[in-house]
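Welcome, and thanks for taking a look at this one with us. Below is a short briefing, grouped by topic, to read alongside the structure.

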Amino acid sequence: MTPTQTAMQTPPSVDEENDEPAIAIVEDLTIEHVNGFRLLENAHITLHPGEVVILTGPSGCGKSTLLNLLAGTIDPAADGWRLSGTLRFLGHTFDLSSETVTVGGMIFQDFALFNELTVAENLAIAADHNDPVDEEVAKAIDQLLRGVPRGALIGACSGGQKQRVAIARTLLANHPVLFMDEPNSGLDVAASARLTDLVRLLSREAGITVVIIAHHLRELIGAADRVLLLDPRGSTLRTLPADGPAVEADLRDLDDQLHHAGAAKTMEESLVLGTFGSGHGSGFGGAAVSASSDGHRLVRSFRRIVRPRRVRSRWVLAYLRRYLWEHCLAPSGLLFSTLGVVIIGFVTTWFIFQYLPFRDLLLPVIHSDTLAGLAFTQERVLAPLVIAVLLITRSVALIGADIGHRVHGNQIKAMRNLNIPYNLYLTTNVLIATGIAATVLVTLAVGATAWVSMSTWMQIFPQDSPHLWRDQYFQRLWPPDTPLMIGMDWIIAKAVPSVLGATMIALYLGYRPKRSAADINTAIAQSLIWGMSFVLVWQTALILFEFKAVSARLEATF
C-alpha cells in the first residue's frame with residue numbers, strides 16, 4: 001500500500017494533550033549548527049487549523065531560520081544544520097533528520113517576488129505548479145488583490161501591493177500554513193491595522209493557519225491565539241497567552257539578561273550562516289497538510305508532499321526565450337561580437353599585408369601562402385577564442401547579477417517553497433542559452449571574419465578580383481568539393497565547451513550565499529576572473545592538441 005493510499009484511510013493528526021485536530025505536530029525537535037550552536041533542543045510545536053501564532057524572541061536568536069527550515073526553503077545539510085525529531089500528520093511520521101518536508105508557505109520580509117514577471121505572471125507561475133485552491137482561499141485571494149494592477153511589473157507596485165501579491169502567490173501554492181517573516185516591519189499604524197485585518201481574514205474565513213515572526217507585537221497581538229517565545233538561554237520554545245503587555249515584558253527581561261551576559265552578539269554570529277544561507281539544494285516541494293479538516297482536501301495535500309515537482313512547458317519556454325535573448329540575440333551582445341569580428345578580420349589582414357618585411361620583394365612570391373596561413377589563424381584560432389572571450393565577458397556578468405540577486409532576494413527559496421523547479425527553469429536554460437549562443441555566434445563570426453578580411457584585402461589590392469582572394473584564402477580550409485569548412489569540429493570543440501564551463505563557474509558562484517549587494521559584486525568579479533581563465537586554458541590546450549593532431553597535414557600544406 002502506498003503512502004497516498006494509506007493517507008486516504010487515515011484521519012487527521014490529533015493534539016493528544018488538548019484532544020483537538022492538528023495540522024502538524026513536531027515532536028522532540030532539536031536544531032543545531034555544525035559550528036556548535038544549538039537553536040532548539042527537544043522542542044514541541046503543534047499547529048491547529050485556522051489559528052494565528054506569533055513567534056517572537058530576541059534579535060538574532062534564529063526565528064527566521066526555524067521557519068525557513070519548516071518551510072523547506074533551507075537545505076539543512078547544505079547550510080550546516082542538523083535536525084532531529086519527528087513530524088506527524090495524517091497518521092504518518094516523518095523523520096526530520098533525513099527528510100525535508102515543507103510544512104507551510106513562506107512570505108519573506110522582502111517578499112521575494114520575481115521582478116522579471118508581471119503581477120499576473122507571479123500568480124500564474126505559483127498556480128501552474130500546484131493544485132487548485134479551495135473556493136474560500138480563492139475568495140480571500142480576490143479580496144487581497146483588489147486595486148492591484150495585474151499587468152504591472154513588480155517594480156511598478158507599491159510596498160503594500162507587493163506584500164499582498166506575495167501573500168496571494170503563496171496562497172496559490174496551496175499551503176495549509178502561512179509563515180510570515182516580520183510582515184509589519186516598516187509599516188505605519190494604518191498599514192499595520194490593515195495587515196491585522198488581513199491575517200484575521202485568512203485565518204477565520206479561509207481557515208488557514210498563520211505563523212508570524214514579529215518584534216512589534218502591539219498591532220498583531222489582537223489577531224493572535226497564542227505566542228511562541230524562542231528563548232536562546234535554554235534553546236527552548238515557550239508558549240505564552242496572547243497578552244501583549246505580558247509578552248513585551250518577558251521580551252524586555254530576556255533582552256536584559258542576554259545583554260548582561262553578552263550573548264546576543266555571539267548568537268547572531270553563530271546563526272549568520274544558517275539564517276542567510278542560499279538554501280539552493282533540492283528537497284520535498286508542496287504543502288505538508290491542509291488547513292481544513294475536510295478529508296478530500298487533506299488527502300490531496302498529502303499527495304503534494306510525495307509527488308515530484310511539476311514541469312510546465314510554458315515556463316520552460318518563457319525562461320529559455322528570456323535567456324536566449326539576453327545571451328545570444330540582444331542587440332548589445334551582437335554589437336559586442338561584431339566589434340570583435342572587425343578587430344580580428346581588419347587588424348590581422350591590414351598589418352600582415354601592409355607591414356610585411358621586404359613587402360615588395362616577398363609578397364608576389366608568398367601572397368598565396370600568406371592568405372592561406374591568415375585564414376587558418378583567423379578562422380581556426382582567433383575567431384573561436386575572441387568570440388568566446390567576448391561572450392563570456394558579457395554572459396557571466398549577466399548570470400552573476402541574475403542568480404546573485406535571486407539568492408540575495410530570497411527568490412530561489414521562494415521557488416523551492418512554491419514547488420517551482422528552478423534548476424530546470426534557471427540553471428538548465430542558462431546552460432542551453434549560452435551553448436546555443438556560443439554555437440551561433442562563433443559560426444557567424446567565422447563567416448563574418450572572412451568577409452571583413454576580404455574587404456580589407458580589397459582595400460589594399462583594389463586592382464585584384466575578390467575571386468582571387470577567395471581561392472587563395474580558402475585553398476586549404478575549404479576545397480571546392482567539401483560541403484563544410486575543414487576544422488569546424490575543432491572550432492565548435494574549442495568554443496562551446498569553454499563557454500559552458502565558464503557558465504557553470506558563474507552559476508556556482510552565483511548560487512553561493514549572498515548577505516549583501518557587495519557579495520553579488522564579488523561573485524560577478526570572481527566569475528569573470530575564473531570564467532575567463534577557464535576559456536583561455538581550455539582553448540590554449542585544444543589549440544596545441546589541434547596543431548599536434550594535424551601536424552602532418554600542416555607540414556604538407558604550409
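Helices (H or I, at least four residues) and strands (E, at least two) are DSSP runs, numbered from the N terminus. This is a predicted model, in which local features need pLDDT of at least 70, side-chain atom pairs count only at pLDDT 80 or more, and totals for chains, interfaces and linings use all residues. Residues are numbered from 1 along each chain as its sequence is written, and side-chain values use heavy atoms, with hydrogens and water left out.

**Positive phi values**

- Most residues other than glycine have a negative phi.
- A112 is buried, as its relative accessible area is 1%; buried means under 20% relative accessible area, exposed over 50%, and partly exposed in between (1.4 Å probe, protein chains only).
- N410, also not a glycine, has a positive phi near 65 degrees.
- N410 is found in the loop between α12 (359-408) and α13, and at 18% relative accessibility it counts as buried.

**The chain as a whole**

- The protein chain has 18 helices and twelve strands.
- Of its 558 residues, 54% count as buried.
- Among contacts (heavy atoms within 4.5 Å) between residues at least 6 apart in sequence, 78% join residues at least 24 apart.

**The six-stranded sheet**

- Six strands form an open sheet with mixed pairing, in the order β8-β9-β10-β5-β11-β12; two strands pair if DSSP finds at least two bridges between them.
- At the edges are β8 (105-107) and β12 (236-241), each of which pairs on one side only.
- From one strand to the next, the twist averages 20 degrees; axes are lines fitted to C-alpha atoms, for helices over the stretch in contact, and angles run from 0 to 180 degrees between N-to-C directions.
- Helix α5 (residues 159-172) packs on this sheet and touches β8 and β9 (177-181), and its direction makes about 175 degrees with that of β8.
- Strands β5 (residues 52-56) and β11 (residues 226-231) pair in the parallel sense over four bridges, and L55 has L228 of β11 as its bridge partner.

**Helix α5 and its surroundings**

- The 14 residues of α5 reach 20 Å from first C-alpha to last, close to the 20 Å expected at 1.5 Å a residue; the expected span is 1.5 Å times one less than the number of residues.
- Ten of the 14 residues of α5 are buried, so this helix is largely enclosed by the rest of the structure.
- What do the buried residues of α5 pack against? They pack against β8, α3 (119-128), α4 (135-144), β9, α6 (189-205) and α13 (411-417).
- R169 is one of the buried residues of α5, and its charged end sits over the ring of F114, 4.5 Å from the ring centre. The rule here is NZ of Lys or CZ of Arg within 6 Å of the ring centre and within 35 degrees of the ring normal.
- Just after α5, N174 takes a positive phi of about 65 degrees.

- Eight of the ten residues of strand β3 (residues 24-33) are buried, so β3 is largely enclosed by the rest of the structure.
- β3 runs antiparallel to strand β4 (residues 38-47), and six bridges join the two; I31 stands opposite L40 in β4.
- Four residues lie between the strands of this hairpin, where G36 has a positive phi near 100 degrees.

- Rings of Phe, Tyr and Trp (its six-membered ring) pair if their centres lie within 6.5 Å, with planes under 30 degrees apart counted as stacked, over 60 as edge-to-face and the rest as tilted. By this rule the count comes to 13 aromatic pairs.
- The rings of W490 and F545 have centres 6.0 Å apart and planes at 50 degrees, so this pair is tilted.
- W490 lies in helix α16 (residues 488-511) and F545 in helix α17 (residues 517-549), so the pair ties together parts that are 55 residues apart in sequence.
- W490 is buried at 18% relative accessible area, whereas F545 is exposed at 53%.
- W530 is also found in α17, and at 54% relative accessibility W530 counts as exposed.
- Ring pairs also link W469, Y473, F474 and W478 into a cluster.
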